[in-house]
Amino acid sequence: MNKRSISEELREIVIGSLLFLGLENVKNIPFSLDQPDDVSYGEFATNVALVVSKILKLSPRECAEKLVSYINNNKGEIISNLEIAGAGFINFFVTDKAKGIAIESVATQETKLDFLSGQTVLCEYTDPNPFKLFHIGHTVSNTVGESLSRIYEMAGAKVVRVCYQGDLGMHVATTMWGVEKMEDEIPKESATLREKVSFLGKAYAYGMKTLADKPKIKEEIQSINKHLFEGKEHEMYEKGKKWSLDYFKTVYEKLGTAFDYFIMESEVSEKGKKIVMENTPKVFEQSDGAYVYKGEKVGLHTRVFINGEGFPTYEAKELGNCERKKELVKNHDISVVVTAHEVDEYFKVVISALKEIDEDYANKLVHISHGMLRLPEGKMSSRTGNIIPAEDLIDEVKERIKDRLEKSDVVDKEKLANDIAVGAIKFSILRQAIGRDIIFDIDKSISFEGDSGPYLQYTHARIVQLLKKAEEENIKSKYINGLTEKSLERKLLIFRDVLEKTYQDMGPQHVVNYLLSLAHEFNSMYARQVIVDKNDPNSSHYVLLAQAVGSILKQGLNTLGIVAPEKM
RNA sequence: GCUCUCGUAGUUCAAUGGAUAGAAUUCAAGUUUGCGGUACUUGCGAUGCAGGUUCGAUUCCUGCCGAGAGCACCA
């Protein structure tokens, strides 16, 4: 069985034609070979004639004619017909034989890439802060990071998932200050995790609000910070930290993420400070009692790494974090960090400083930032208390789909409801390009009409049930030449191409769009064509198509971190 | 003020420099004597403005207008 995709084989044929015309360095000629939107343009098309026309000093159409006359003699068993169209595009029509082989392959085998085989990728994401709520912004980071992790895995890498949690710093001290003031509201041990965690959130909000009104309490907070930073005993701190971390575990489980390592800020703080001290004055310099990095020398801005009180800031801790990662996962090849894009500028400074300290590791770093999740009214801010906890959102969505599951005979309805709710939320995050802000309208994101996670899940479940029925009726899947489900079949040929593009762009939205178009095509066929029919000899063909679509939906959803239920 | 990101149907989003700019939603009109109607079919509707590069620009460059984020001891 040939593992290459049809587009790869066509690409080779095109390169052959370029060599035939006497061109050099053909591997570096940037021509495209992809599937046109319009069915009448064939299964694949290339702009190669437009690209080389200047080199050959001929018009694009003349080039196309020369190339086509060569390719016509080298069609192999893959090309049935060729056309020159438009400005000089060459359209390829693929033989039934090649289509049959490709579709049977995608229906029965997993599609894997080998760009990164043998490599290890460390991926850090989610990064919620103990003592603060796990809100929908963390859900974005988690969704993006989990999807990127799976894309790296799909590309052949071994992925190590890491979560960095900020258990030290002014936000923690502010919370502890609030806790002290709200002493009589501290939940009992018998309270639920959510009650405990939301108390911490309230304490933080109270601390922030008071700080805004009476700036002089900052000294009190700083003293708490110092106390904690020095590792001194603090009962509520230990208690609260455990509450938070236990609570986070329940959220990760709902979201479908299993981290390999957790890194605490408290364990990288000293490391970071030490790195900064050791590299002063080589990399950092002292200024107003603080240790800073002068980013201006590389077109950035100055940032404080150790503040006047002697505490490492986010920037220094990040250096310690890198050090910790090197210890945890020896010799990893790529180190991915997923954050919100509001830290983009700081991160550039951190990377620039790291370059001067450990250039080798700095070059392995890939910073991918996602947009902020905004409510239609405006920015979501934990400081005003106007935040949506991730769990509230999941519960809200679950609540609204429960009615639909009433009639379902699925055994574990709770898990199914969770998978659908989380799928709906993840879908609404991954459908757009990573990096742009997400306008999160609750009503729209949980609507199951039209393009949505549940739509894809539903189509998958329906296919699984269809295939079950086909098996009961003993209908074997098989490609039959000459049947017309052209627009669906051609889409089945490009799954590998879509995955390649997804990896190259680190763009899960390509998978989303592809799965949607595939599901639309399938549902369209489903509406007009009986799939499983033991009296129809062509049924084998439709069952094969269903099998292929089902297989791709499952793999594609997996790449997005969305569960594909077999029954809904 | 400086830096970065971004302006696409009424709305929310797509589109390695390529062919007639795709979806969804809203609105209007339809589809079931059939394996799951969370479905399917049809229609209305968009590249902020002005230049430039190119055979070809939503995409690249310049200017303007508009939005968001960041700009020294918070993360």
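**The core.** Start with the largest nonpolar core: of its 147 residues, Cys123, Ala548 and Val549 touch the most other members. A nonpolar core here means a set of buried Ala, Val, Leu, Ile, Met, Phe, Trp, Tyr and Cys residues joined through C-beta atoms within 7 Å, where buried means that 20 or more other C-beta atoms lie within 10 Å of a residue's own, with C-beta atoms placed from the backbone. Now select helix H21 (residues 539–560), which supplies the largest share of this core, 11 residues. Helices are DSSP runs of H or I, at least four residues, and strands are runs of E, at least two, numbered from the N terminus.

Before moving on, some housekeeping: this is a predicted model, in which local features need pLDDT of at least 70 and side-chain atom pairs count only at pLDDT 80 or more, while totals for chains, interfaces and linings use all residues. Residues are numbered from 1 along each chain as its sequence is written, and chains are lettered from A and ligands numbered from 1 in the order in which they are written.

Which residues are in contact with Cys123, leaving aside its neighbours within four places in sequence? Pick Gly145, Leu148, Ser149, Tyr152, Val159, Arg161, Val162 and Val336; contact means C-beta atoms, placed from the backbone, within 7 Å.

**The domains.** Colour chain A by domain: domain 1 is 6–94, domain 2 is 125–374 and domain 3 is 391–560, with bounds from an automatic or database domain assignment.

Next, show the open sheet of 4 strands, ordered E1-E2-E4-E3 with antiparallel pairing; two strands pair if DSSP finds at least two bridges between them. Its edges are strand E1 (33–34) and strand E3 (79–85), each pairing on one side only. Zoom in on strand E2 (residues 44–46), joined to E4 by 3 bridges, and you'll find Thr46 with Ile90 as its bridge partner in E4.

**The RNA.** Last stop: RNA strand B, surrounded by 69 residues, with Ser32, Ala45, Asn307, Gln432 and Gly450 the closest. A residue is near the strand if its C-beta atom, placed from the backbone, lies within 6 Å of it. Elements supplying at least two residues of this surface include helix H2 (48–56), strand E4 (89–94) and helix H17 (453–472).

Key: Buried ≥ 20, exposed ≤ 12 C-beta atoms within 10 Å, placed from the backbone. Contact = placed C-beta atoms within 7 Å.
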